Amino acid sequence: MSIAPKIALISAVPSAIPAAQTALRDSLPDAVVWNILDDRLLLEADSRGGLDAGLRRRMQRLIEHALAEDADAVLLTCSLYGPVAQATHVGVPVMAPDEAAFTDITTAGYASVLVVASFDAARDDSVERLRTALRDAGADSRVAGLSVPAAMAATKAGDHDALVAALVDACTDLPADVEAVFLAQYSLAAAGNALHEAVGLPVISGPKSAAAALHRHMSERNDR
């Protein structure tokens, strides 16, 4: 293994990369971040009606490529392909995008969590997966979802200020029982700190939680 850990990011859209890179830079400043982008992964999943066996094998090949080139950890940034990471058994971490975030939410024991996404399908998928993770952990937290189409327009335009404004506007008048917000897509994570300041609630995102988990793993590895 390398002295400076090599972290491979496997992404399906370019907009997911900056948030993951920033989170890794904050938690693991010495890490070598290697970006592997296949911008057909989502298009072909959409045309095939979802994640089929062929696309699973394709993602597995990308993971195997990263491991063959001595990656010390692999982080997928697209939630659609998360199940492929969770089915991978190797000697180094291969993390699904929301794996660490769901663990953080479960551990915190929030009574109610709001899942925020930029479009309905991402919202519904993340709500269902978070509910399943909480149920499997024996937690009874309530999970609701909110989609913010203006956030999608902002991410496509690369307009950070518009992204923050869209999310803050959508989350200004949350139900009183909401104790935390989960940003369901990596492309929204850059607005996490500003949203936290605006709503006064914990804001959890996949990149930040994953980077913190990888930092813990690398620290434990170096202590052995």
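**Entry 1: the sheet with β5 to β8**

I began with the sheet of this predicted model in which four strands lie in the order β6-β5-β7-β8, and I noted that this sheet is open and that its pairing is parallel. At its edges I found β6, residues 142-147, and β8, residues 203-205, each of which pairs on one side only. From one strand to the next I read an average twist of 25°.

I then looked up the pairing of β5, residues 112-117, with β6, and found six bridges in the parallel sense.

**Entry 2: strand β5 and what comes before it**

Which way do the side chains of β5 point? Ser112, Leu114 and Val116 point one way, whereas Val113, Val115 and Ala117 point the other way, and I noted that all are buried. As a general rule, the side chains of a regular strand alternate between the two faces of the sheet. Because six of the six residues of β5 are buried, I wrote this strand down as largely enclosed by the rest of the structure.

After α5 comes Gly109, for which I read a positive phi, near 70°.

**Entry 3: Ser141**

I looked for Ser141 and found it in the loop between α6 and β6. Is Ser141 buried or exposed? Its relative accessibility is 15%, and because the cut-off for buried is under 20%, Ser141 counts as buried.

I next asked what the side chain of Ser141 reaches, and found the backbone oxygen of Tyr110 at 2.5 Å. When I left aside the neighbours within four places in sequence, the residues in contact with Ser141 were Tyr110, Ala111 and Leu134.

**Entry 4: the sheet with β1 to β4**

I turned to another four-stranded open sheet, with the order β2-β1-β3-β4 and parallel pairing. Here β2, residues 32-37, and β4, residues 94-95, stand at the edges with a single partner strand each, so one side of each has no neighbour in the sheet. Strand β1, residues 6-11, runs parallel to β2 and is joined to it by six bridges, and I noted that Ile7 stands opposite Val33 in β2. Helix α3, residues 53-68, packs on this sheet and touches β1, β2, β3 (73-76) and β4, with a direction about 150° from that of β2.

**Entry 5: helices α8 and α9**

Where two helices pack, the description rests on the angle between their axes and the distance between those axes. For α8, residues 160-170, and α9, residues 192-199, I noted that the axes come within 9 Å and cross at roughly 35°, and that the crossing is right-handed. Which residues make this contact? I listed Val164, Leu167 and Val168 from α8, together with Ala194, Leu195 and Ala198 from α9. Sorted by kind, the residues of the contact are six nonpolar, no polar and no charged.

**Entry 6: Arg216**

Last, I located Arg216 in helix α10, residues 206-223. With a relative accessible area of 43%, Arg216 is partly exposed. I also looked up its separation from Met59, which is 157 residues away along the chain, and found 26 Å between the C-alpha atoms of Arg216 and Met59.

Definitions and conventions. Residues are numbered from 1 along each chain as its sequence is written. This is a predicted model: local features need pLDDT of at least 70, side-chain atom pairs count only at pLDDT 80 or more; totals for chains, interfaces and linings use all residues. Side-chain values use heavy atoms; hydrogens and water are left out. Two strands pair if DSSP finds at least two bridges between them. Helices (H or I, at least four residues) and strands (E, at least two) are DSSP runs, numbered from the N terminus. Axes are lines fitted to C-alpha atoms, for helices over the stretch in contact, and angles run from 0 to 180 degrees between N-to-C directions. Buried means under 20% relative accessible area, exposed over 50%, partly exposed in between (1.4 Å probe, protein chains only). A polar contact is a pair of N or O atoms within 3.5 Å; within protein, one must be able to donate a hydrogen and the other to accept it, and residues adjacent in sequence count only if both atoms are side-chain atoms. Contact means heavy atoms within 4.5 Å. A crossing is left-handed if the near helix is turned anticlockwise from the far one by less than a right angle, and right-handed if clockwise. Ala, Val, Leu, Ile, Met, Phe, Trp, Tyr, Cys and Pro count as nonpolar, Asp, Glu, Lys and Arg as charged, and the others, Gly among them, as polar.
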